[in-house]
Amino acid sequence: MGKIETLSSLLRRRELSSKELTQKYLDAIERDNPTLNAYVNVTTQQALLQAENADKLLGDNSDKVSMLTGIPMGLKDNISTRGIETTCCSKMLKGYNPIYDATAWQRLREKGAVLLGKTNMDEFAMGSSGDTSCFAPAVNPFDTSRSTGGSSSGSAAAVAGNLAVFTLGSDTGGSVRQPASFCGVVGLKPTYGAVSRNGLIAFASSLDQIGPMAMSIEDVAIVFDAIGGHDPMDSTSKVGYTPDTYSKLKCDITGKKIAVVREFYEGVSPEVTQMVENSLKVFESMGADIEYISIPQVHFALPAYYILACAEASSNLARYDGVRYGYKTQGEYDSINEMMSKSRSEAFGEEVKRRIMLGTYVLSHGYYDAYYKKAQMLRHSVTHAFDKVFEKFDAIITPSSPTTAFKRGTLLKDPTEAYKADMCTVPVNIAGLPAVSVPCGYSEKGLPVGMQIIAGKFREDILLNLAYRFQEEVCVSRNTDWGVSL
Amino acid sequence: MITKKEFENIATLSRLSTDDGEYNRFCDDLSRMVEFADRIKEATADDTAYPCDAKVEAVLREDKVYPCTDREDILSNAPCSQDGFFLLRKRA
C-alpha cells in the first residue's frame, strides 16, 4: 500500500488528524529544509488552514472526501498558485503573485490536498541540476554533496527527504524523470495533452507537461488520475480524456512485449547499464517478452530538442519585459527597448539568457530553415519511429539518466556538456509520449539508479502497471533519514 | 563561430544586453551551443522522410460571453500602473 492510501486510512479512521500530520511535515521542513533547500516558500498558515478544512470534511464524513483529502504535498515553483508567490526561481518573478490557480493545483485543492509550499527548481525550468535556481540549489538527500538533478530539483528532494508525501514537478526534456532517478523516487511525465498546462508558467509550450513525484507507483497513479483529463482552459489538452490508472495497477503482465532500444544505452555508465539490465531480467521472470531493437532517429533527438525548446523559450519569455509583471530596471534608459533590455538582462540568469539567444538565432532570417524547420522535420521522424514501435510493443525500457547523481556545480562549467544529461529523456518529450522513472537499484556509492519505462500515447495505464509489478517484485526503494518518519 | 555583429543582432532581437566583460563569455557559449545544434546537419533526407500526418485543427470554444478577469487583479503585479492602465514613462 502506498503512503497516500495508508495515511488516508488513518485520517478517515481519525487515528490521526490532517492538522497533526501537516504540523509534523512543517516541523520537519523547519529542521531539514535549511540543509536540503527543497522548498523556496513554505506556506505554513495556508497549510494549517487547509488541514483544518480537510479535518472538517473527514469529521463530517463528507462525500467530498477523497484519498487525497488532508495529504500534505509540494508544488514546483512554476505552477501558479493564486495569492502565493510563484517565482520560477528567477529574479525576474520575485514578488509575483499569480491571480489564478493552475488547473492541476486547483484539482488537487478541490480534493482536499494540503499545500506545504513551493519547491525549488532550475530557473524557468532550464537546467538539469538545480544549480541555475536564483536561490541556493536543492541538495540530494542521499548525499548532500551531490545534485538532485533538475529542473524539478526541490520536488524530488522533498519526496526523497520525506518533506512531502508527493509533489508536482514539470517535465519539458526530462525535468521530472531525471531528478526522480537521482533522488530514488518515482516520477511520471504524462503524455503531452494528458494534464492541463493552464497555470504552468511556460518554457516550451509543445513539450511542457506537469507530472507527479512520490515514493511509490500507487501514489503517482492516484495523483495522476486526480490532475489529468481535459481542461477547456488548455486547448492542447486531449478532449474526452479522463485517466484511470490506479484501478489497473495490479493487472497481470504475462505476455507484455517490452523493447530495449540500443541507442538509449550509448554513452550510459556501465553501472547504470548493469542495473537496468538486471531489471529487464525481473520483467522476464514475470512473463514479459524482451526484444532488442534499434531506432536510429534517436541520435538526432537531443540537438533537435534543444533547437525547438530554445526557440519556444525565446518566444515564451519575450513576455517578461518589465511592463505588466515581473522585474523592471531601476536604472536610467532613453527608450522603451532599452528599458526592456536592461530589465531582462538584470533579472534573467545566464542559462536562461543563453537559451533565449540560441532560440532567437535558430528562428532568425537565414537560419530558420537550416535549424528550426529541420528540427521540426526530425521531430516528426522520431515521433513516427516511436509510433511504429508501439504498434508491436507495449513498452520500451531505458535508463532514466546516463549517470547517477553528479557532484553539485559540475554542470555549470560547460553548458553543452550539461545537455548530454538529458539524452535518455528528451526523445520522449519530442514524441509526446508518457514515461516514468522508477528506482531500480543503487550504485556502489549508494546512489539511486532510475529505470525509465516508456509507453504509447495515453497508455499511462500500461506504464504504471508494469512499474507497479516491478516495484512489488523487487522492493528497491530506500528511505533517507531526513524529514518525517511515519 | 558567432561573429560580434551576429551576436549583437541576436542580443537586440532577444531584448538582451551584455557589457563588454560578458560579451566574450556569452559569445563562446553561444558558439558552442550552435555547434551542438549543428549536429542535425548530419541528418539525411531519409532521416526526415516522414512528414507530419497529424490533422491540424483549430481548437475553438463556444461563442459565449464569459466573465472577464478583474482589472485590479491584472494590474496587481504591474511594476507601474496608473488610472487602471500599465504605465510606461514617456521617453524621447
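Buried residues make up 26% of the 92 residues in chain B, where buried means under 20% relative accessible area, exposed over 50% and partly exposed in between (1.4 Å probe, protein chains only). The structure is a predicted model, in which local features need pLDDT of at least 70 and side-chain atom pairs count only at pLDDT 80 or more, while totals for chains, interfaces and linings use all residues. Residues are numbered from 1 along each chain as its sequence is written, chains are lettered from A and ligands numbered from 1 in the order in which they are written, and side-chain values use heavy atoms, with hydrogens and water left out.

The secondary structure of chain B comprises three helices and two strands. Helices (H or I, at least four residues) and strands (E, at least two) are DSSP runs, numbered from the N terminus. Along the sequence, chain B reads α-α-α-β-β.

In chain A, helix α7 (residues 217-227) packs on helix α15 (residues 460-474) at an angle of about 160 degrees. The two axes lie 9 Å apart. Axes are lines fitted to C-alpha atoms, for helices over the stretch in contact, and angles run from 0 to 180 degrees between N-to-C directions. α7(A) and α15(A) are therefore roughly antiparallel to each other. Angles under 35 degrees count as roughly parallel, over 145 as roughly antiparallel, 65 to 115 as roughly perpendicular and the rest as oblique. The crossing of α7(A) past α15(A) is left-handed, that is, the near helix is turned anticlockwise from the far one by less than a right angle. From α7(A), the contact draws on A:Ile217, A:Glu218, A:Val220, A:Ala221 and A:Phe224. From α15(A), A:Glu460, A:Leu464, A:Ala467, A:Tyr468 and A:Gln471 take part. Contact means heavy atoms within 4.5 Å. By class, the residues of this contact are seven nonpolar, one polar and two charged. Ala, Val, Leu, Ile, Met, Phe, Trp, Tyr, Cys and Pro count as nonpolar, Asp, Glu, Lys and Arg as charged, and the others, Gly among them, as polar. An α-helix has 3.6 residues a turn, so residues three or four places apart point the same way.

Helix α1 (residues 3-12) of chain A also packs with α7(A), at an angle of about 75 degrees and with the axes 7 Å apart. That makes α1(A) roughly perpendicular to α7(A). A:Lys3, A:Ile4 and A:Glu5 of α1(A) meet A:Asp219, A:Ile222 and A:Val223 of α7(A). This contact has three nonpolar, no polar and three charged residues.

α15(A) has 15 residues and reaches 21 Å from its first C-alpha to its last. That is close to the 21 Å expected at 1.5 Å a residue, the expected span being 1.5 Å times one less than the number of residues. Eleven of the 15 residues of α15(A) are buried, so this helix is largely enclosed by the rest of the structure. Among them are A:Glu460, A:Asp461, A:Asn465 and A:Phe470. Just after α15(A), A:Cys475 takes a positive phi of about 50 degrees.

Helix α5 (residues 153-160) of chain A is also largely enclosed by the rest of the structure, because eight of its eight residues are buried. They include A:Ser153, A:Gly154, A:Val159 and A:Ala160. Their cover includes β1 (39-42), β2 (72-76), β3 (114-119), β4 (166-171), α6 (177-183) and β6 (209-214) of chain A. A:Asn162 lies in the loop between α5 and β4 of chain A. A:Asn162 is not a glycine, yet has a positive phi of about 55 degrees. At 2% relative accessibility, A:Asn162 counts as buried.

In helix α4 (residues 103-110) of chain A, the buried residues are A:Thr103, A:Ala104, A:Trp105, A:Arg107 and A:Leu108. These are covered by elements of chain A including α3 (44-59), β2, β3, β4, β6 and α7. A:Gly112 follows α4(A) and has a positive phi near 90 degrees.

The loop between β3 and α5 of chain A holds A:Pro137 and A:Ser151. The peptide bond from A:Gly150 to A:Ser151 is cis, with omega near 10 degrees. A:Pro137 touches A:Leu36, A:Asn37, A:Asn120, A:Gly130 and A:Asp131, not counting residues up to four places away in sequence. The C-alpha atoms of A:Pro137 and A:Leu36 are separated by 8.4 Å, although the two residues are 101 residues apart along the chain. A:Asn37 lies in the loop between α2 (18-36) and β1 of chain A. A:Asn37 has a positive phi of about 50 degrees although it is not a glycine. At 19% relative accessibility, A:Asn37 counts as buried.
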